Amino acid sequence: MINLQPDDLQKRVFSGIQPTGNLHLGNYLGAIKNWVNLQNEISSIFSIVDLHAITVPQEPLKLKSSTHEVAAAIIASGIDTNKSILFNQSSVKEHSELAWIFNCVCRIGWLNRMTQFKEKAGKNRENSSVGLYGYPVLMAADILLYKSTHVPVGDDQKQHIELARDIAVSFNNMFTSENEVDFFTPPEPQIIGEATRVMSLKDGTKKMSKSDPSFASRINLTDSKEEISNKIRKAKTDSYPLPETIEELKERPEAHNLISIYSSLSDQTLQEALNEFSGKGFSHFKPKLVDLAVETLNPISCEMRNLLKDTREIDKILKNGKIKAREIAEPVLKDVKNLVGFVN
Ligand code: TYM
């Protein structure tokens, strides 16, 4: 018998970010900026997903420092750890336990469809870790361990959230009898804003990514004013003025990307941003984008540097988050184990 707490029926946000390398503008606009807004409306949990990070080789010392850096970036961007829970994934063992149970719910055919695995494994598929293949199952465990209902992510994670929905429904079918309330509610992806897929500054058809070898392809949250300015000034463009309509941006990936970044940073719709710049050339637009990007990112990088002076304080915040996360996770996992038929 499952005890449905009133809390079970509430909305809950969960999202995560990997502690691998520098966070960039795509991570900020596609995810963290939306987390900051959502935390005021819905009880929220954010995780630095170190278990996901080790699906590809990591240097242990670097993993630790990246975990601190990402925690600092999240806090500096406006996540209030008195309001929201922030912790690193590996510190809550229930994630791995639920992932194993979900490994036995998820079908191989579903994982074979995951495009991100295909991209990440590339030609080296046979040599990829089993963890990289099962990565989306762990994501489903992250979300459902807290019975989360809303998952704010960039566009690239949509397919993984759909898989989490399939796993939730399949688990319900396997383990909840007809006259019982479904145990898991399929979570909804929240892909919000005008910059849900920020593209490379060097190629508007490629996603901005931590793993792009070109440093100039992305703006990192830690970039100085000069770096931000240089990267935007050198960003690839075409030779036409900015158009009047969104339709006209279709064949102009670089223009589309830069104006989307501008509209997201300025909290305007894409059309509003176009109204501001239509007919103007990039020599007029780019300096405005530089100013706006510096104005937004500079306070974040200053605050990050401040926070990183005392990593023990960051450790304390993460430990506190872990305690609060486990208070929610433990009873959910207990119920899951009970439903599956484990003696515990
Ligand atoms: P990760 O660490 O690759 O990225 C973190 C967040 O940033 C978003 N993002 C982007 N958004 C817009 N444009 C881009 N170029 C861009 N690049 C990255 C991602 O969509 C993501 O929201 N698997 C996840 C982490 C994760 C997770 C979860 C997320 C683990 N468990 C549970 C949600 C729920 C990932 O690797 O994100």
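In the predicted model, the shell around the ligand comprises eleven nonpolar, eleven polar and five charged residues. Of the 27 residues in this shell, those that come nearest to the ligand are Y135, D142, G154, D156 and V198.

A polar backbone atom of G154 lies 2.8 Å from an oxygen atom of the ligand, and a polar backbone atom of V198 lies 2.8 Å from a nitrogen atom of the ligand. A side chain also takes part: an N or O atom in the side chain of Q157 is found 3.2 Å from a nitrogen atom of the ligand. The ligand taken alone exposes 710 Å², of which the protein buries 96%.

As to the overall fold, the protein contains 13 helices and five strands. Its radius of gyration is 21 Å, close to the 20 Å that the globule rule gives for 344 residues, and the protein is therefore as compact as a globular protein of that length. Taken along the principal axes, the box filled by the C-alpha atoms has dimensions of roughly 70 × 45 × 45 Å.

Conventions. Residues are numbered from 1 along each chain as its sequence is written. This is a predicted model: local features need pLDDT of at least 70, side-chain atom pairs count only at pLDDT 80 or more; totals for chains, interfaces and linings use all residues. Side-chain values use heavy atoms; hydrogens and water are left out. A residue is near a molecule or strand if one of its heavy atoms lies within 4 Å of it. A polar contact is a pair of N or O atoms within 3.5 Å; within protein, one must be able to donate a hydrogen and the other to accept it, and residues adjacent in sequence count only if both atoms are side-chain atoms. Accessible areas come from the Shrake-Rupley method with a 1.4 Å probe; for residues, only the protein chains shown count as cover. Ala, Val, Leu, Ile, Met, Phe, Trp, Tyr, Cys and Pro count as nonpolar, Asp, Glu, Lys and Arg as charged, and the others, Gly among them, as polar. Helices (H or I, at least four residues) and strands (E, at least two) are DSSP runs, numbered from the N terminus. The radius of gyration is taken over C-alpha atoms; the globule rule is 2.2 Å times the number of residues to the power 0.38.
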